[in-house]
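Hi everyone, thanks for having me. Let me put today's structure up on the screen, and then we'll walk through it together.

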Amino acid sequence: MTSMLVNAQAASGGAGAIMQILPLVLIFIVFYWFLIRPQQKRAKEHAAKVASVVRGDEVVTGGGLMGKVTKVSEDHVEIELAKGMTVRAVKSTLADVVPKNPGKPAND
């Protein structure tokens, strides 16, 4: 009789453990879906944008400097900040690549 009681408690205890873990699993799934996944997507898009930088593109560095790319190598780019003033920057420090044809302003 006692063994049946112990087996019944063990079976219900297993279900209770699953019910305690289930909310944690659901929270992880929600965090992955709404936080981790979009961040990974943005990182891939940014890496693709930086990898496709070519001469003539306008870029913004991580430090906020804006200029036109004059030379591209494997890991570095040369950016012309002003006429006759160029700097070398590591490609991975580029924050953004400004589109060449931004389009017409909305309020004109």
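Let's start with a question: which residues does Val-59 touch, not counting residues up to four places away in sequence? Keep in mind that this is a predicted model. The residues that Val-59 touches are Val-53, Leu-65, Met-66, Gly-67, Val-69, Ile-79, Leu-94, Asp-96 and Val-97.

To place those contacts, let's look at the sheet. Five strands, in the order 4-3-2-1-5, form an open sheet with antiparallel pairing. Strand 4 and strand 5 are the edge strands, each pairing on one side only. On average, neighbouring strands of this sheet are turned by 40° against each other, ignoring direction.

Now zoom in on strand 1, residues 58-61. With strand 2, residues 66-72, strand 1 makes an antiparallel pair over 3 bridges. These two strands form a hairpin with 4 residues between them, and Gly-64 in the turn has a positive phi of about 95°. Strand 1 also runs antiparallel to strand 5, joined by 4 bridges.

Next, the core. Which residues make up the largest nonpolar core? There are 9 of them: Val-50, Val-53, Val-59, Val-69, Val-77, Ile-79, Ala-89, Leu-94 and Val-97. Strand 3 (76-82) and strand 5 (94-98) each supply at least two residues of this core. In soluble globular proteins generally, nonpolar side chains tend to be buried together.

On to charges. How many salt bridges does the structure hold? There is 1. Its partners are Asp-96 and Lys-49, whose closest N and O atoms are 3.1 Å apart. This pair links distant parts of the chain: Asp-96 sits in strand 5 and Lys-49 in helix 1 (residues 2-51), 47 residues apart. Are these two buried or partly exposed? Asp-96 counts as partly exposed because its relative accessibility is 32%. Lys-49 is partly exposed too, with a relative accessible area of 37%.

For a contrast, let's visit another aspartate. Asp-57 lies in the loop between helix 1 and strand 1. Asp-57 is buried, because its relative accessible area is 8% and the cut-off for buried is under 20%. The side chain of Asp-57 reaches the backbone nitrogen of Val-54 at 3.1 Å. Leaving aside neighbours within four places in sequence, Asp-57 is in contact with Ser-52, Gly-67, Lys-68, Val-69, Val-97 and Lys-100.

My last stop is Met-85, in strand 4 (residues 85-90). Met-85 counts as partly exposed, at 46% relative accessibility. Setting aside neighbours within four places in sequence, Met-85 is in contact with Ile-79 and Glu-80. The C-alpha atoms of Met-85 and Gly-67 are separated by 9.9 Å, and these residues are 18 apart along the chain.

Definitions and conventions
Residues are numbered from 1 along each chain as its sequence is written. This is a predicted model: local features need pLDDT of at least 70, side-chain atom pairs count only at pLDDT 80 or more; totals for chains, interfaces and linings use all residues. Side-chain values use heavy atoms; hydrogens and water are left out. A nonpolar core is a set of buried Ala, Val, Leu, Ile, Met, Phe, Trp, Tyr and Cys residues joined through side-chain atoms within 4.5 Å. Buried means under 20% relative accessible area, exposed over 50%, partly exposed in between (1.4 Å probe, protein chains only). Contact means heavy atoms within 4.5 Å. Two strands pair if DSSP finds at least two bridges between them. A salt bridge is a side-chain nitrogen of Lys or Arg within 4 Å of a carboxyl oxygen of Asp or Glu. A polar contact is a pair of N or O atoms within 3.5 Å; within protein, one must be able to donate a hydrogen and the other to accept it, and residues adjacent in sequence count only if both atoms are side-chain atoms. Axes are lines fitted to C-alpha atoms, for helices over the stretch in contact, and angles run from 0 to 180 degrees between N-to-C directions.
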